[in-house]
Amino acid sequence: MCGVVGIVSNSPVNLTIYDALTVLQHRGQDAAGIITLDEGNFRQRKANGLVSDVFEQKHMRRLKGNTGIGHVRYPTAGCSSAAEAQPFYVNSPFGIALAHNGNLTNSRELKEKCNGIFRHVNTTSDSEMLLNIFAWHLQKITDCQRLPTPEDIFNAIRGVDKEISGGYAVISLIIGVGVVAFRDPFGIRPLVLGQRQGEDGFTEYMVASESCALTVCGFELVRDIAPGEAVVIEENGTLHSSMCADNAKLQPCIFEYVYFARPDSVMNGVSVYAARVSMGTFLAEKIKREFSHLDIDVVIPIPETSCDIAVQIARILGLPYRQGFVKNRYIGRTFIMPGQKQRKKSVRNKLNPIPAEFKGKRVLLVDDSIVRGTTSGQIVDMAKEAGAEKVYFASAAPEVRYANVYGIDMPTKKELIAHERTNEEIAQMIHADALIYQDLKDLEAAVRQENPALTVFEESVFTGEYITPGVDEEYFEYLDRQRSDDAKADKAWKDSSEDLEIYNI
């Protein structure tokens, strides 16, 4: 999962992009990058690390220009090398930079395509392949004899949509044109458009992964970029849009609402906060209906995503709600840590129990989901070590049994605790006295309450049903080689000697 942002203004955009990336930091903590356009030249800074670590004052001063794009990354393909930090750029044609959130499921075919059209790809990143395919289509249309018109760009994206498969929300920067943004035909990954009035009445535009990045920076949410839609925002502030994909249909990733998105975001017409409150309502009703025999004393969330869910559960069950864990906010999200050992260590560093809230009590712990089970098991153990008499565990999401292929790091089935296991077996593995999962139909209903037009979702991690072609056992074998913890450890060792600040500007 990654975060992207692009801005067209009539004043410098470096600080606004920085602020937006800081707001989107929850979507990726591995690397960050910004490219701005200044008098026909790209200004770039990218490196591994948090936004606040990557960009120093000297970098911000050099990121001149009124148009730019930015990216925060966490890797899904076994590589956290600084060489794969985004945005990427190519010099021909025109000068094109690109940042991408998602994952392309036909990256091997795209690599062969790039080789066949003599476009060199320097990394294993599918985002760099996507950039080169996009550049090639633009080159064919313009023959490098003129700058592309908005219609040229839309035609190029139509060609790209026919060649790539998977989940993608893309922001690009073209020298002499401005910012381009487009979304996959299912709208799997989120992308929103905002605007504000700048100096001298100039209408400024921002495109970002989540609406919270817009509102924090003073932009008004206009709408979502539609599935299969592309927009071109020229440097003079002129906005163009066009539907570029055939048979586009909104089928967004439901896990965005469960875990990834900030609660103050609105995506596809749904308030993430309201959706999570509704998840709590449905889960509480299930507990009343099927687990009334559990003599629960207190409801405690596993901070932070589940807090809104737990409050609602406690309210409906008529039980006390307590914050039983103190969270170290300077530790990254353990779910997206690159290896099992690092995840285990980070859980203990990240959360510390308050013994008075656990001692002698039968506790209902509430979390947004259970993925590998590593975090859940350690937290249950911490609760019992703090004196809990019983620990029950409730998940706001159903059982995660299948790998994700659209940009979320749920890499291989064998690493998912729920794969081919019963709920009783899972409860034993995480040492819980009872385990309660949300039903999928209730999760769908919780999100749909805000927008009844959302009839279907991308929910392959729960069902094993994938909405794009080519996702088969052979593909999963390939993913196992690329994205397992062992593969990541091996790749990290190979990349350990790299300079982490490869673009010092």
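I began with the surface: the protein chain exposes about 19200 Å², of which carbon and sulfur atoms supply 47%, the areas coming from the Shrake-Rupley method with a 1.4 Å probe and, for residues, only the protein chains shown counting as cover. I note that this is a predicted model, in which local features need pLDDT of at least 70 and side-chain atom pairs count only at pLDDT 80 or more, while totals for chains, interfaces and linings use all residues. Residues are numbered from 1 along each chain as its sequence is written, and side-chain values use heavy atoms, with hydrogens and water left out.

Overall fold. I counted 17 helices and 21 strands in the protein chain, taken as DSSP runs numbered from the N terminus (helices H or I, at least four residues; strands E, at least two). The radius of gyration is 23 Å, close to the 23 Å that the globule rule gives for 505 residues, so the chain is as compact as a globular protein of that length; the radius is taken over C-alpha atoms, and the rule is 2.2 Å times the number of residues to the power 0.38. I also looked up burial, and 61% of the 505 residues count as buried (under 20% relative accessible area, with exposed over 50% and partly exposed in between, using a 1.4 Å probe and protein chains only).

Cysteines. I searched the whole structure for disulfides and found zero, a disulfide being a pair of cysteine sulfur atoms within 2.5 Å. For Cys 144, the closest cysteine sulfur is in Cys 114, 16 Å away and too far for a bond; Cys 144 is partly exposed, at a relative accessible area of 41%. For Cys 244, the closest cysteine sulfur is again in Cys 114, at 20 Å and too far for a bond, and Cys 244 is buried, with a relative accessible area of 3%.

Two single residues. I placed Ser 211 in helix H7, residues 211-216, where Ser 211 counts as buried at 3% relative accessibility. Not counting residues up to four places away in sequence, Ser 211 touches Val 192, Leu 221, Asp 264, Ser 265 and Val 266, contact meaning heavy atoms within 4.5 Å. I then turned to Lys 64, which lies in the loop between helix H3 (57-62) and strand S4 (67-73) and counts as partly exposed at 46% relative accessibility. Leaving aside neighbours within four places in sequence, Lys 64 is in contact with Thr 36, Leu 37, Asp 38 and Arg 43.
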